[in-house]
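I opened the model to look up folds, salt bridges, strand pairing and surface patches. My notes follow in the order I took them.

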Amino acid sequence: MLAIKIWNYFKGYVIIRVEGLTLERLLNLSAAHDIYLWDVKRLSGIVLEMKSSTKGFRSLKQVVKKVGCKVTIKEKIGLPFLIHKLKERKMWFAGFLLFWAMILFLTSLIWRIDILGNEQTPKEEIIALLDSNNISYGKIKYQIDKEQIKDILNENYDYLSFVSVTIKGTKLTIEIKEQDLPPEKVDKDYPCHIVAKKKGVITKVIPKNGKAVVERGKVVTEGDILITGILTNEGTDEFIAVHAEGEVYALTRYSSIIREPIVKNEERYTGNSIIQKGIKIGNKGIRFIRGNVDFKDYKEFESEKSIINLESFGIKFPIKITTYEFREIELEEVKQDIDFLKNSNYLEAMKMINEEMPSDVLVQSKNTRHQVDNGILTTQVIIEAIEDIAKKQIIQNKED
Amino acid sequence: MKRQIEDVKYNISKSLELPMDIIMDLPKLNLVGDGELTIQNHKGIIEYTEGTIRINTRIGVFKITGESLEIKTILSEEITIIGLIKRIEIIS
């Protein structure tokens, strides 16, 4: 019924009022003339109200002449009448269209550029760089190529380890992750702090510019300010921001724990296997189960094959046949030599630490501890070293 | 003569199990609760007021009485009436 109502609305219809004596004859004749009338209401002895399509209303005139009654239009409803009305109010309609056009236009511009994660690169510099590549406020967002922004940034700053560009609404967000720069590479025009690269115990602070806020023996964590770039004037309460420089040495700790069971289960295939088939449509699948898997221990393998191979055309056919294979395995307990295990654990731990530890550190001590607990050998290697943990971080403007 | 043709039609319809309303042009009523009545194969409206509607068919006049009756649609083959239907009479 709703569909018919919507259809009638689009076609347009009229509510008419008919006055006369033989109104039943009017209804019969219009039915015979294929004029569609609906919602016929009796208002009084001589008045009927009904709805008729615009096309039907035109042909109704002949019928009315025959019957001899009076027809008046009470209301015109539908899209054709609305359009007709709008044609008379052209400026209003133009304003309406302009309103939507403006909204569409204004929401397709970039109104804000956010840069996140820049610690050593000044924000102004990135924005100026993008500006010179025709990416700035007020540009249409559909014309901005995210890949291009990534390329520009990666070309100009070779120390970026990660760049992500997202456009959400009217905001362009650039998120970057910087590798630690050698301090002299940071632009000296911008004020900065010296912050801790990692946690440690301070052993020596050599400030060259700026004021040291930590002293020997203090424990710092990553991101703590070591040498501040904001200096207060003693007499007045003014702040001066400077480019802090200096070296901060700290005792840092690297540790790694490896756990390895002494008795190890070794798997061996017995050669028995059960195969089940299934069909996969998209990501959903049906598996045709035939019998139970009786094996005590088994491993499941799954392989897929398209019904129709269209790989050569670059199309992935969504219906696939899957084969599930259950292979029986036998578990065998093997006891490993403890000294050999200790040695291999130690090597594994050292490998992990070496990946983490920079090459220019001064190793102070190395501790290795082995412990057997519930048949598991735990090896812990701790290395303490002295290194420079200074890292420059540009002071962001307050309003950011 | 006419009577004979009618009988033949009736027999064919019976033996072949064809719907009688189509073969013999009989009116077919479809009543939903007491609120909506559809009449197929009508021969025109005779009277329409809020309380009574009389509809001509091949076998006689159907008189529908009730309250606040409205003709929802009217087509050459079908009439739909809504309102509170109280009584349906066949006057042949």
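I took helices (H or I, at least four residues) and strands (E, at least two) as DSSP runs, numbered from the N terminus. This is a predicted model, in which local features need pLDDT of at least 70, side-chain atom pairs count only at pLDDT 80 or more, and totals for chains, interfaces and linings use all residues. Residues are numbered from 1 along each chain as its sequence is written, chains are lettered from A and ligands numbered from 1 in the order in which they are written, and side-chain values use heavy atoms, with hydrogens and water left out.

**Entry 1: chain B overall**

I read chain B along its sequence and got the pattern α-α-β-β-β-β-β-β. That is two helices and six strands. I boxed the C-alpha atoms of chain B along the principal axes and got roughly 40 × 25 × 20 Å. I call a residue buried under 20% relative accessible area, exposed over 50%, and partly exposed in between (1.4 Å probe, protein chains only). Of the 92 residues of chain B, 35% count as buried.

**Entry 2: a hairpin in chain B**

I count two strands as paired if DSSP finds at least two bridges between them. Strand 3 and strand 4 (residues 52-57) of chain B pair antiparallel, over three bridges. A hairpin of three residues joins strand 3 of chain B to strand 4 of chain B. Which residue stands opposite Ile45(B)? I found Ile55(B) there, in strand 4 of chain B.

My cut-off for a salt bridge is a side-chain nitrogen of Lys or Arg within 4 Å of a carboxyl oxygen of Asp or Glu. Side chains of opposite charge can pair when their charged atoms come close. Over all chains, I have 20 salt bridges.

I looked at Arg3(B) first. Its side chain meets that of Asp7(B) in a salt bridge, 3.9 Å from N to O. Arg3(B) and Asp7(B) are four residues apart in helix 1 (residues 2-16) of chain B, so about one helical turn separates them. Arg3(B) is exposed, at 62% relative accessible area. Asp7(B) is partly exposed, at 36%.

Next I checked Lys43(B). It forms a salt bridge with Asp25(B), with the closest N and O atoms 3.2 Å apart. Lys43(B) sits in the loop between strand 2 (36-40) and strand 3 (45-48) of chain B, and Asp25(B) in the loop between helix 2 (20-23) and strand 1 (28-32) of chain B, so the pair ties together parts 18 residues apart in sequence. Lys43(B) is partly exposed, with a relative accessible area of 44%. Asp25(B) is also partly exposed, with a value of 28%.

**Entry 3: salt bridges in chain A**

I traced one network in chain A. Salt bridges that share partners join Arg112(A), Asp114(A) and Lys171(A).

I also followed Lys198(A) to Glu387(A). They form a salt bridge, the closest N and O atoms being 3.5 Å apart. Lys198(A) lies in the loop between strand 8 (192-196) and strand 9 (200-209) of chain A and Glu387(A) in strand 21 (residues 376-388) of chain A, so the pair ties together parts that are 189 residues apart in sequence. Glu387(A) is buried, at 4%.

**Entry 4: a sheet in chain A**

Strands of a sheet pair through backbone hydrogen bonds, either parallel or antiparallel. I found five strands of chain A in an open sheet, in the order 11-9-15-21-20, with antiparallel pairing. Its edge strands are strand 11 (219-220) and strand 20 (362-373) of chain A, each pairing on one side only. Two bridges join strand 9 of chain A to strand 11 of chain A. Val201(A) stands opposite Val219(A) in strand 11 of chain A.

I then checked Val214(A), in the loop between strand 10 (211-212) and strand 11 of chain A. Val214(A) is buried, at 8% relative accessible area. From Val214(A) to Thr228(A) is 14 residues in sequence and 9.7 Å in space, C-alpha to C-alpha.

**Entry 5: surface patches on chain A**

I build patches from residues with over 30% relative accessible area and no salt bridge; like charges are joined within 9 Å, nonpolar side chains (Val, Leu, Ile, Met, Phe, Trp, Tyr) within 5 Å. Accessible areas come from the Shrake-Rupley method with a 1.4 Å probe; for residues, only the protein chains shown count as cover. Lys and Arg count as positive and Asp and Glu as negative; His and the chain ends are not counted. I place a charge at NZ of Lys, CZ of Arg, CG of Asp or CD of Glu.

Lys11(A), Lys55(A), Arg58(A) and Lys61(A) gather in a positive surface patch. Helix 3 (residues 54-67) of chain A gives the most to this patch, with three residues. Lys11(A) lies in helix 1 (residues 2-11) of chain A.

The nonpolar patch covers about 710 Å² and is made by Trp92(A), Phe93(A), Phe96(A), Leu97(A), Phe99(A), Trp100(A) and Ile103(A). I placed Trp100(A) in helix 5 (residues 90-107) of chain A. Trp100(A) is partly exposed, at 46% relative accessible area.
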